[in-house]
Amino acid sequence: MPPVASPQFIGRIRVEQWRDWWVVVAPVTYTGSAHHGAPIVVPEGFITDFASIPRALWTIHAPTDPRWSGPGLVHDRLYETHETDRAAADAIFYEAMSLSPQPTGVDAALGCTRRQFYRAVRRFGEASYADGPARQAERRVAYRALQIEIAAFESDPQGGTA
């Protein structure tokens, strides 16, 4: 039996912000023992909110914070594709957070630890997992419509008025 991979991200997380979401502009791969070493690929064009942090808290805990952006990205991918069951997706999220240093000081006091994030997804993630595929499809349709509008504007900035 081959050795199980140590957790790692392959590729740098590169995204563009769109509304309250981000669009992946280059693929990212995660491997780890919680997925038996099999790679989880987050493709270009995937739309994520990273760690589902409410906008009101972004000044304190930005969703793009490296401590949870990678784990959140992979977790979103698994919730929205159902490549694994929910328990496995949550275990992979927990494992991926092990790559980041544990919070100290205010972050630790506010409950931003790996275990607390894991408990939150286990307790509150059921509905999000259930509607994951539909949510990703809706985001893709809305994003594509925006791209079409931008292309139309760029080809005719005056909107047909000359």
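**Exercise 1.** Is Phe50 buried or exposed?

*Solution.* The model is a predicted one, in which local features need pLDDT of at least 70 and side-chain atom pairs count only at pLDDT 80 or more, while totals for chains, interfaces and linings use all residues. Residues are numbered from 1 along each chain as its sequence is written, and side-chain values use heavy atoms, with hydrogens and water left out. Buried means under 20% relative accessible area, exposed means over 50%, and partly exposed is what lies in between, for a 1.4 Å probe and protein chains only. Phe50 has a relative accessible area of 3%, so this residue is buried. Trp22, at 6%, is buried as well. The rings of Trp22 and Phe50 have their centres 5.3 Å apart and their planes at 50°, so the pair is tilted; rings of Phe, Tyr and Trp (its six-membered ring) pair if their centres lie within 6.5 Å, and planes under 30 degrees apart count as stacked, over 60 as edge-to-face and the rest as tilted. Trp22 belongs to strand β3 (residues 21-24) and Phe50 to the loop between β6 (47-48) and α1 (66-81), and the pair thus joins distant parts of the chain, 28 residues apart. Helices (H or I, at least four residues) and strands (E, at least two) are DSSP runs, numbered from the N terminus.

**Exercise 2.** Describe the pair formed by Phe9 and Tyr30, and state which parts of the chain it ties together.

*Solution.* A search of the whole structure gives 6 aromatic pairs. One of them, Phe9 with Tyr30, is tilted, at 5.0 Å centre to centre and 55° between the planes. Because Phe9 lies in strand β1 (residues 8-10) and Tyr30 in strand β4 (residues 28-31), the pair ties together parts that are 21 residues apart in sequence. The two partners are then taken in turn: Phe9 counts as partly exposed at 26% relative accessibility, whereas Tyr30 is buried at 0%.

**Exercise 3.** Work out the surroundings of Ile47.

*Solution.* Ile47 is found in strand β6 and is buried, with a relative accessible area of 0%. With neighbours within four places in sequence left aside, the residues in contact with Ile47 (heavy atoms within 4.5 Å) include Trp18, Trp21, Glu80, Arg139 and Tyr143. Trp18, Trp21 and Tyr143 are themselves linked into a cluster by ring pairs.

**Exercise 4.** How do α1 and helix α2 (residues 86-97) cross?

*Solution.* Their axes, which are lines fitted to C-alpha atoms over the stretch in contact, with angles from 0 to 180 degrees between N-to-C directions, come within 9 Å and cross at roughly 165°. The helices are therefore roughly antiparallel, since angles under 35 degrees count as roughly parallel, over 145 as roughly antiparallel, 65 to 115 as roughly perpendicular and the rest as oblique. The residues that meet include His75 and Tyr79 from α1 and Asp90 and Phe93 from α2. By class, this contact has 9 nonpolar, 2 polar and 3 charged residues, where Ala, Val, Leu, Ile, Met, Phe, Trp, Tyr, Cys and Pro count as nonpolar, Asp, Glu, Lys and Arg as charged, and the others, Gly among them, as polar.
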